[in-house]
Amino acid sequence: MIDLRELYQEVILDHNKHPRNRGKLDGATGQAEGHNPLCGDQVTVYVVKENGRVVEVRFEGHGCAISTASASMMTEAVKGKTIEEAEQLFRDFQSLVTTSGPANEDLGDLEVLGGVRDYPVRIKCATLPWHTLHAALQGEQTSVSTEK
Amino acid sequence: MISLSPVVDISKIRAEFPVLSRIINGQPLAYLDNASTSQKPEAVIQAMDRFYRTQNANIHRGVHQLSQEATQAYDLAREKVRDLLQANDAREIVFTKGCTEAINLVAFGLSTTLLKPGDEILVTTMEHHSNIVPWQMAAERTGAVVKPIPITDEGEVDMEAYASMLSERTKVVAMVHVSNSLGTINPVKQMVAMAHNVGAKTLVDGAQAGPHLRVDVKDLDADFYTLSCHKHYAPTGVGVLYGKLEHLEALPAYQGGGDMIRTVRFSGSTYAPVPAKFEAGTPNVSGVIGVGASIDYLRDLGDRVSAEGGLDGAFRWIGEQEHQLTGYAQQRLREIDGLRITGTSPTKAAVVAFTLESAHPHDIGTVLDQHGIAIRAGHHCCMPLMERLGVSATARASFAFYNTLEEVDRLADAVILVKELFS
């Protein structure tokens with residue numbers, strides 16, 4: 001029997017249906033747009049940085065359940081973190097979804113997205129919001145793409 | 001469940017396509033991504049294998065036996081494509097590396113010989129990127145402008161709007177014969193005639209028509225017609241550009257190199273006549289031989305499945321088969337709440353694209369794959385069309401004659417599971 005529940009865990013389905021922190025953020029100090037040209041997914045991430053911290057973060061766009069849930073969970077995970085902590089989380093998340101075995105760090109809810117590592121074409125769906133967050137935090141004005 | 005034509009044992013035909021026996025994620029493969037690429041029959045695979053084992057040589061060069069055999073096989077394939085398109089003359093058939101290259105060749109050529117600042121190139125809103133971007137590049141080079149012909153909500157060309165856009169400024173009309181995203185079969189014969197009335201050149205992108213329709217370029221009167229051979233049971237890496245002889249002769253060479261020349265001197269070179277002028281370098285010889293074998297396969301299929309026989313019989317039967325599959329798929333999918341079919345023209349080829357309220361097309365694609373069902377999810381290289389439809393992506397099932405009603409049932413049943421998972 002096929003276990004799609006490994007990929008689409010309840011937490012993911014819930015974040016997909018009820019995304020947290022979705023919508024434009026007025027007064028953002030940084031924002032970036034991310035694209036996956038292979039599938040047309042698009043996400044914009046807005047951040048407000050204060051004293052080296054991510055005090056507010058929101059996203060908008062359209063994508064699959066994996067990218068929507070990943071963006072939603074990401075906003076919850078990085079809110080209130082220092083920029084360095086958020087960047088570290090990005091790196092840990094990347095290794096979670098690309099390498100086998102347990103994550104080095106306790107990534108909390110984010111770990112439910114580890115299932116995408118068994119679906120190579122879906123990994124970029126999970127990482128697109130994070131790449132976009134990274135660009136927003138760096139204050140890059142250019143948009144990011146999953147394809148270099 | 002209704003059943004298909006009783007005279008044809010579809011399981012025998014399926015057995016001629018080796019990949020169809022694959023097991024994917026524990027289930028028999030249901031390959032419903034034929035608009036991306038078709039599967040290849042044993043006869044095509046064997047023809048290419050046989051070429052490499054017994055005849056491999058470069059063409060149009062050697063005096064030795066193998067080169068002569070390879071040249072003969074390559075030229076024979078050109079004649080078979082002429083027959084497939086019902087063109088007048090085999091010199092009107094140019095082999096390219098794909099349909100995309102064929103369109104680029106024409107767009108590049110016309111930007112040298114025809115297009116001037118202010119000229120208009122009309123393309124339909126439902127074009128594949130490969131019939132938009134080459135024209136945008138031609139426009140950049142020449143100062144011409146590309147204008148999209150609107151479509152209706154059903155996914156048909158808005159013929160009134162098209163008529164009103166035609167003027168003496170219109171120099172090129174590029175249109176898709178069958179839409180890869182919607183399945184709509186466009187009235188290209190009429191559109192070509194309307195373009196000709198204002199003196200415009202026409203290019204018909206036949207990438208999705210090739211597998212489904214008995215194309216007759218003489219009847220359509222298209223100036224240029226392009227094919228993507230891997231979509232009709234031939235290998236990847238070969239496309240076809242058909243052009244009326246006088247139009248091909250008027251186009252400049254596209255790439256320079258061996259085989260496209262008559263004489264080369266440092267003081268200047270002269271070029272070979274068509275079609276060699278457009279086939280610089282060693283072509284995809286084995287691929288072209290595979291194309292020839294795919295046409296033989298279709299002709300033989302026609303003899304087996306119809307009294308009419310040949311390519312005429314083959315395409316009539318293919319059309320009937322796919323009409324049943326598409327109709328049944330639309331019937332089953334329409335029963336699903338929250339599912340919307342995109343492309344509802346009554347004149348459709350074997351494509352059923354849809355969206356679900358509760359699930360994104362990629363999630364549909366992943367869940368279906370886990371059930372052994374291959375479909376395409378995404379924008380189908382038609383971003384302007386997706387924008388027009390107000391969606392970012394669709395899920396698309398596309399059929400070939402070897403598909404079955406049972407596979408359609410599996411598709412619909414799995415889509416119901418997707419809906420349950422995400423709602």
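What is the handedness of the crossing of α12(B) and α14(B)? The crossing is right-handed, a term used when the near helix is turned clockwise from the far one by less than a right angle, anticlockwise being left-handed.

The model is predicted: local features need pLDDT of at least 70 and side-chain atom pairs count only at pLDDT 80 or more, whereas totals for chains, interfaces and linings use all residues. Residues are numbered from 1 along each chain as its sequence is written, and chains are lettered from A and ligands numbered from 1 in the order in which they are written. Helices (H or I, at least four residues) and strands (E, at least two) are DSSP runs, numbered from the N terminus.

**Helix packing**

Axes are lines fitted to C-alpha atoms, for helices over the stretch in contact, and angles run from 0 to 180 degrees between N-to-C directions.

| Helix pair | Axis separation | Angle |
|---|---|---|
| α3(A) and α4(A) | within 10 Å | roughly 165° |
| α12(B) and α14(B) | 10 Å | about 120° |

Angles under 35 degrees count as roughly parallel, over 145 as roughly antiparallel, 65 to 115 as roughly perpendicular and the rest as oblique. α3(A) is therefore roughly antiparallel to α4(A), and α3(A) passes α4(A) in a left-handed crossing. Residues of α3(A) in the contact (C-beta atoms, placed from the backbone, within 7 Å) include F90(A) and F93(A), and those of α4(A) include W130(A) and L133(A).

α12(B) and α14(B) are oblique to each other. Here D363(B), I364(B), V367(B) and L368(B) of α12(B) meet residues of α14(B), among them A414(B), V415(B) and F422(B).

**Burial along helices of chain B**

A residue is buried if 20 or more other C-beta atoms lie within 10 Å of its own, exposed if 12 or fewer, and partly exposed in between, with C-beta atoms placed from the backbone. In α14(B), the buried residues are E407(B), V408(B), L411(B), A414(B), V415(B), V418(B) and F422(B). They cover an arc of only 125° around the axis, which puts them on the same side of α14(B); the arc is that of the directions from the helix axis to the C-beta atoms. The face turned away from this buried side carries the exposed residues E406(B), D413(B) and E420(B).

In α5(B), residues 133–142, P134(B), W135(B), A138(B) and A139(B) are buried. Their arc of only 145° places them on the same side of α5(B), and they pack against α4, β5, β6 and β7 of chain B. G143(B), which follows α5(B), has a positive phi near 85°.

α10(B) is mostly covered, with 16 of its 21 residues buried.

Definitions and conventions
Contact = placed C-beta atoms within 7 Å.
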